[in-house]
Amino acid sequence: MTRKSKAAQSTGEAAWALCVVSSEQQSETLPHQRKWAQEVAAANGWRLSRVIEGVASGKAGPRRLVTELLADLRLLDGDGRPKRVLMIRADRLGRGSIIETQLVLRDLFALGVGVFTRDQGHMRLDSAMDELISAATLAVARHENEVRRDKIVNSINRKRAEGTWRGTVPPYGILRKGSVDSPDPSTADFVREAFRLRNEGRGLTRIGRHLTALTPPRVFLNGKTRVIHWTPTRVSDLLKQKAYVGVLVDETTFVRAQQVGRALTNEKKHENPKFHYPMSGAIRCHCGRSMNGIACGRPPYRYRYYCCRARFNHNDHIRLIRAEGLEEQFVDLLKRLKASPELVERYRRRALAPLSPKLLERSIHDLKIKLSEVEQLRDGVWGLHARGRVRDEDVQERLDRLASQRLDLEERLNIAREQSALAKAALTRQADVAALVKRAARIFLKASEAEKREIARAVAVELGGLTIGEDSRMKPGVLSKKPYL
């Protein structure tokens, strides 16, 4: 034991400990912070008279617990105050800028209370160099916190999309009591209507207008009301909400809605009444962007085109393809599909379920085993730490690494489950699709402009989309990456 430690032990200097985390997800590290403070106090001969512990979140300024700490210190006289406050890192004092944290440090020093951290020991702000070192250390800590926060936010967003997030506000159309979800009698039918329209091939804008006209206004606590404007983004978010599966819609309905979203593109809100574009909203450029109708040329020599406006994908040019040629290709495709039901199924299988059901089930089984292994490793980290074989400062690093592996495996498992559901949905709709193709090939040329558009969108949905390749040829399916299994 050093001479300094012996002197401190003889006087029995009082010390307080500040054990603070920013969220409930991090609260499992509080016992380790408290244990570290106890060990440091014992090693230095300090008397740990108080431990301030809890979750204190905030976007800026001192944490709530830190504000209470300062208030309690000011109520005590000089002799009654502790000589120092123990904490893992100085960034526990604030949530805003580095300057705000240093201001809290200044307040503590002005009260005669020092700060002892795990990474810096006794902190000092006596000179310009001390302040520079403190600022650099806080900057590194803040960067680490930002990285950790991004991981937590991404995890919450992923869980919210999957329907496993248990926040305070349930998704629209759902009543949440504890961990149990049930349909909201006043709004559930509107959610089902949105899925029904989407599975029929309706666009987000059209679904939004329909819901805006039907859904009741939002009622606030003060009694005021406001009409809910269902924008395309809000409709898209609703259709991606996996919490509806098993509560408002079945899995097949949900997965088919996602497939429709990948197959169709956004339609133009307004179109020249003199020119019609039945393929608009049903075709994509090979670069992945939507292709909509446009009329070019001086009157009376104006021609119809389908265009991709993503200039950055086409050497700073708008890609134009004559509408008549693409529509003729679509008619030829319908004829070939009508003549060969096997071709229809081949296209659908390739688009909806590129992997065999047996391979998908095996992948789901293997991924579940790997997830279980990650959870066992996570429990093992805590066990090793309890036996003193893993240091406190290494626990969070190992947990973060395992959390990253778990997120990757969960993402792959969700994709595999979606592909499996698509394969099952494809089998149940085989007869319906065959009838749709026959009817489309028979009436497309004689149909009205509105009917042509509905036929094109319905066929695009069943074939997994229609892509215009670099050679200007129409190909069933949407160019995308292979399943990530």
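These notebook entries record what I looked up on charged residues in this predicted model.

Entry 1, basis. I number residues from 1 along each chain as its sequence is written, and side-chain values use heavy atoms, without hydrogens and water. Because the model is predicted, local features need pLDDT of at least 70 and side-chain atom pairs count only at pLDDT 80 or more, while totals for chains, interfaces and linings use all residues.

I took a salt bridge as a side-chain nitrogen of Lys or Arg within 4 Å of a carboxyl oxygen of Asp or Glu. By this rule I found 17 salt bridges.

Arg34 lies in helix α2 (residues 30–44) and Glu53 in strand β2 (residues 47–55), so the pair ties together parts that are 19 residues apart in sequence. I took helices (H or I, at least four residues) and strands (E, at least two) as DSSP runs, numbered from the N terminus.

Glu200 bridges to Arg196, with the closest N and O atoms 2.7 Å apart. For Glu324 and Arg322 I recorded 3.5 Å between the closest N and O atoms of their salt bridge. Salt bridges that share partners join Glu193, Arg196, Glu200, Arg202, Arg206 and Glu454 into one network.
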